[in-house]
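User: Could you take me through how to read a few features of a structure, beginning with the whole chain and then turning to a helix and a sheet?

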Amino acid sequence: MAEEVRSERRDGVAVVTIDHPPISSLTSKIRRELSQAVVAADADPKVNAILLVGTAGNFATGTPFASGDDVDQAPDLATLCDELEMAETPVFAAIEGAALGGGLELALAAHVRVALPSARLGFPDIALGLVPGAGGTQRLPKVVGGVAALKMLLGGRAVNAKTAQKLGLVDVVVEGDLVAATIAFAHRLIGEGFKPKRSSQRRDRLGEGTAFLEAVAGHRRAAERSALDAPMRLIECVESALLLPYEIGRGLEAAAHEDLTDSDHSKALRYIIDAERKIQKSTAEDGRVPSRPLKAVGLVGAGRLGSELAVLCLDAGFDVIVAEQSDEALEAGVMRIIEQYDARVASGAMSEEAVETTLERMNAVCGYRMLSDVDVIIDPSPSMTRSRIAELDAAMRAGAVLLTGAERVDVATIAGATGRGGDVIGFRLQPGIRKNRAVEIAADAETGPRAMATARALARKLDLLIIDTGARAFGIGARIAGALHAAADLCLEDGARIGQIDAVLCDWGLPFGSFAWRDALGLDKRPQSGDGQRGGSLDATLAVAGRTGRSAGRGYYHYAQRGKPGVEDPAVSALVAEERAAKGIRARDLNDVEIRKRCVAAMAGAGAHMLADGTAHRPSDIDMVAVHGLGFARRSGGVMYAADLMGLEEVRKTLSDLAQKSTRIPPPSSIFQDLIKAGQGFADLND
């Protein structure tokens with residue numbers, strides 16, 4: 001087996017190279033070989049310094065959760081860092097590229113850190129619901145101070161070499177040959193009588209006093225509002241680093257890391273990151289089929305979603321033609337676009353001159369005639385009429401691609417109604433595009449490869465996360481939403497309160513809940529969703545009464561002040577009671593656990609049917625749409641992950657019960673039975 005750590009002597013310096021591209025992950029094999037190399041170099045009287053360096057443009061990154069070679073009896077990363085720090089021979093970390101997580105913990109255990117300008121140093125652990133586990137929370141505060149350490153650890157973002165040098169995290173930034181420069185720097189320091197400076201024993205950054213206490217208090221308040229445990233545990237670890245002996249602080253850190261590693265939230269966050277990597281890998285540009293030219297984009301409609309999309313296209317550098325069917329709609333749409341740029345000017349994010357230059361690339365027109373000059377037309381509306389298809393088809397030039405967000409009708413039907421069947425692709429987006437970045441791209445058997453390459457190229461230009469889906473009538477997002485609303489309506493019908501249901505869902509990880517979500521979209525505009533209905537009968541009742549949602553000030557909730565959350569309205573409660581009485585339902589108390597179980601099961605049930613009918617290719621794709629399209633919290637893991645966590649037998653039983661109560665919730669797919677029989681979960685279908 002090839003060695004992944006090489007050691008060579010250069011001018012009295014032991015250069016220890018971590019050769020594990022592309023990211024120099026600190027596997028157990030790497031740790032074992034690193035330990036052996038450092039111990040041997042430290043015992044060699046001819047070695048005056050030890051230099052650690054990575055390859056392929058990176059220093060080192062974290063330790064895998066399952067390295068697969070623990071039989072090597074390698075030291076864990078914390079032990080390796082302690083060995084490194086206690087070496088009598090000065091240890092230099094030569095940092096190029098990424099020194100992240102465990103890689104930065106390794107660098108902190110070195111006595112001196114030298115970096116190229118390209119270096120990026122940071123602790124992304126918080127994004128995984130974790131705290132560092134190899135002394136990072138103990139050494140970092142003693143090197144950069146408690147205030148800076150809290151900011152770095154809680155923020156999770158990497159800093160560049162220059163910033164790291166200002167913080168004291170990097171001792172010197174060099175240009176050119178990193179190893180040669182570090183060796184020269186090592187010789188100079190040793191010639192000046194340098195002795196190892198151990199991070200865990202430093203006390204020179206402990207004089208922040210009041211500033212540190214104020215920082216801790218502020219971060220504690222934020223941590224108390226967080227649904228995750230990691231922020232508070234991390235703050236406690238940093239406090240211990242500055243108040244307690246290193247050994248005690250390390251013990252607190254180790255306990256926090258172990259607890260959080262086994263927590264449901266951290267497992268969900270790690271699952272989401274893995275799913276993101278799979279999506280990016282599966283939809284990566286392969287270059288085999290070239291895109292068609294992409295300079296001008298046409299947008300059909302400038303409502304909420306259309307105006308957001310217009311801004312996104314303008315920011316990406318496209319010429320944009322916005323087409324509406326009436327002068328009134330066009331004027332309102334242009335105002336929505338301008339308001340978004342005005343907000344940037346007000347915040348200082350853009351100058352008025354930059355906004356004017358950007359808007360010069362936009363042309364707003366009434367009718368679709370001007371769309372003949374664009375390369376791609378996007379119609380993001382979830383509804384699509386035959387007349388509009390015909391108008392767009394007549395306006396589009398040969399070779400232009402039509403991207404449609406239509407629900408209720410599949411891509412093949414729309415394509416068949418045009419004279420350009422190979423150039424029509426599903427392109428389903430959700431409101432709030434800058435945050436909800438997922439785009440569901442659906443192609444049927446007739447879709448041309450260049451048209452598909454063009455749709456993907458546009459999505460990448462707009463920085464969207466591509467989710468490939470089957471060319472079905474309803475997309476993943478719509479069917480998840482339809483199942484959620486059906487289950488929420490059933491909970492309401494059985495006796496739960498509107499506010500109670502939404503609070504349970506928000507606590508689980510939804511951005512709005514179900515009823516507040518419908519109010520935000522508009523009860524008079526909300527499209528049919530995956531259950532084939534606009535929602536429960538109460539949706540229509542409220543809309544007819546003029547309670548169309550947040551924009552009207554009244555929907556399921558009463559919105560007394562713009563920008564403030566709605567409050568439950570006794571008038572709606574009375575309508576709910578009337579519906580129950582008409583159906584002969586006697587209200588009962590539903591606890592929060594039952595509400596959450598019903599809603600999660602309904603969404604997972606819809607997901608299973610999507611896997612069966614080809615709408616979704618794998619469970620993690622459904623979870624990606626939930627998180628990156630519908631705004632579900634990453635800590636939820638998405639709906640299919642949540643089903644595995646709940647237990648598929650429990651989900652199946654819940655679905656069977658719900659299906660008997662509501663025609664909007666179908667019986668469980670046979671996939672449940674197959675997985676249960678095989679002792680598997682949805683996660684096993686992701687490979």
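Predicted model: local features only at pLDDT ≥ 70, side-chain atom pairs only at ≥ 80, totals over all residues.

User: How many helices and strands does the secondary structure of the chain come to?

Analyst: The chain holds 27 helices and 19 strands. Its radius of gyration is 29 Å, close to the 26 Å that the globule rule gives for 687 residues, so the chain is as compact as a globular protein of that length. Buried residues make up 54% of the 687 residues, and 73% of the contacts with a separation of 6 or more come from residues 24 or more positions apart.

User: Which residues of helix α21 are buried?

Analyst: As a general idea, an α-helix has 3.6 residues a turn, so residues three or four places apart point the same way. In helix α21, which covers residues 537-544, the buried residues are L538, D539 and L542. They cover an arc of only 110° around the axis, which puts them on the same side of α21. These buried residues pack against α18 (476-494), α20 (515-521) and α22 (570-582), and just after α21, G546 takes a positive phi of about 85°.

User: What order do the strands of the open sheet have?

Analyst: Strands of a sheet pair through backbone hydrogen bonds, either parallel or antiparallel. Here, six strands form an open sheet with mixed pairing, in the order β1-β2-β3-β4-β6-β9. Strands β1 (5-10) and β9 (172-173) stand at the edges, each with a single partner strand, so one side of each is left without a neighbour in the sheet. Strand β1 runs antiparallel to β2 (residues 13-18), joined by six bridges, and the bridge partner of R9 in β2 is A14.

Conventions. Residues numbered from 1 in each chain as written. Heavy atoms only, no water. Buried < 20%, exposed > 50% of the residue type's maximum accessible area, 1.4 Å probe, protein only. Helix = DSSP H or I, 4+ residues; strand = E, 2+ residues; numbered from the N terminus. Arc of directions from axis to C-beta. Contact = heavy atoms within 4.5 Å. Pairing = 2+ DSSP bridges. Rg over C-alpha atoms; globule rule 2.2 N^0.38 Å.
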